[in-house]
Amino acid sequence: MTVSEVPSVFDRKYTYHCFKTPDIKLMQQAAQSLVGQVDAIWLPTDNNVASAMPQVIGVTDEAGLVTVCGATSMVEAGGTLTYGINYYYIGYDAGVMAAQILKGEAEPATMAVQGPKVENMDLIVNMDAVEYMGIDIPADLMERATKVSA
């Protein structure tokens, strides 16, 4: 998703702020600038963001901000939750495609580009963060969730 697509996703029902931080040292500062302006922060799957999780979580936990992360590892590092891809299934699906090519059943140039399948996505909830912030997550979601502690 590009920054220009964000308004269409939210359909103008929510206020959003978009920050680009070219330097990992600015991640904490960017998080601090959102305190009091937002209820939650989305942290995309990005090596720089993942590296700055301790600094970001230090700010968001103190401010009571939910962090919706792009990767399981970021939730395990203190983020609140993620609904994201399962890398096992991504690898499995890539292996199936490779086998089709190697067996001569498919040509790479004509194969459809595949993304993660919704049924293979994971809901991961950091129970420590949820309890700390007093967040109530509906029971039907919690039944499907993998619960972790950070």
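**Figure 1. The whole chain at a glance.** A residue counts as buried when its relative accessible area is under 20%, as exposed when that value is over 50%, and as partly exposed in between. With that cut-off, 30% of the 150 residues of the protein count as buried. Keep in mind that you're looking at a predicted model. The protein has eight helices and five strands. If you walk along the sequence, the pattern reads α-α-β-α-α-β-α-β-α-β-α-α-β.

Figure 2. How many cavities of 30 Å³ or more does a search of the whole structure find? The search turns up one. The space in the largest cavity comes to about 30 Å³. Its lining is made up of Ile85, Asn86, Tyr89, Ile90, Asp93, Pro116, Lys117 and Asn120. Sort that lining by class and you get four nonpolar, two polar and two charged residues. How do you find a gap like this in the first place? Rolling a probe the size of a water molecule over the atoms shows where empty space is left.

**Figure 3. The salt bridge between Asp93 and Lys117.** The structure holds one salt bridge, and here it is: Asp93 pairs with Lys117, with the closest N and O atoms 3.5 Å apart. Asp93 sits in helix H6, while Lys117 belongs to the loop between H6 and strand E4 (122-126), so the pair ties together parts that are 24 residues apart in sequence. Is Asp93 buried or exposed? Asp93 counts as buried because its relative accessibility is 13%, and the cut-off for buried is under 20%. Lys117, on the other hand, has 33% relative accessibility and so counts as partly exposed.

**Figure 4. A nonpolar patch on the surface.** Tyr88, Tyr89, Tyr92 and Val96 make up this nonpolar surface patch, and together they have about 420 Å² of accessible area. Take Tyr88 as one of the group: you'll find it in helix H6, which covers residues 87-102. Tyr88 has a relative accessible area of 56%, so it counts as exposed.

Figure 5. Val56 has its place in helix H4. Why does Val56 count as buried? Its relative accessibility is 2%, and anything under 20% goes into the buried class. Now look across to Gln28: Val56 and Gln28 are 28 residues apart in sequence, yet their C-alpha atoms are 5.2 Å apart in space.

Figure 6. Where is Gly64? Gly64 is in the loop between helix H4 (53-63) and strand E2 (66-69). With a relative accessible area of 40%, Gly64 is partly exposed. Count along the sequence from Gly64 to Tyr132 and they are 68 residues apart, but go from C-alpha to C-alpha in space and the distance is 8.5 Å.

**Figure 7. Thr82 and Met121.** Thr82 is part of strand E3, residues 81-84. Thr82 counts as buried, at 2% relative accessibility. Met121 is 39 residues away from Thr82 along the chain, and the C-alpha atoms of the two are separated by 9.6 Å.

**Figure 8. Glu76 and Lys147.** Helix H5 (residues 72-76) is the place to look for Glu76. This residue has a relative accessible area of 44%, so Glu76 is partly exposed. How far apart are Glu76 and Lys147 in sequence and in space? They are 71 residues apart in sequence and 9.8 Å apart in space, C-alpha to C-alpha.

Terms used: Residues are numbered from 1 along each chain as its sequence is written. This is a predicted model: local features need pLDDT of at least 70, side-chain atom pairs count only at pLDDT 80 or more; totals for chains, interfaces and linings use all residues. Side-chain values use heavy atoms; hydrogens and water are left out. On a 1 Å grid over the protein atoms alone, a cavity is a set of points where a 1.4 Å probe fits but cannot get out, and a pocket is an open set with protein on both sides within 12 Å along at least five of seven lines; lining residues have an atom within 4 Å of a point. Grid points are joined across faces, edges and corners, and a volume is the space filled by probe spheres set on the points. Ala, Val, Leu, Ile, Met, Phe, Trp, Tyr, Cys and Pro count as nonpolar, Asp, Glu, Lys and Arg as charged, and the others, Gly among them, as polar. Patches are made of residues with over 30% relative accessible area and no salt bridge: like charges are joined within 9 Å, nonpolar side chains (Val, Leu, Ile, Met, Phe, Trp, Tyr) within 5 Å. Accessible areas come from the Shrake-Rupley method with a 1.4 Å probe; for residues, only the protein chains shown count as cover. A salt bridge is a side-chain nitrogen of Lys or Arg within 4 Å of a carboxyl oxygen of Asp or Glu. Helices (H or I, at least four residues) and strands (E, at least two) are DSSP runs, numbered from the N terminus. Buried means under 20% relative accessible area, exposed over 50%, partly exposed in between (1.4 Å probe, protein chains only).
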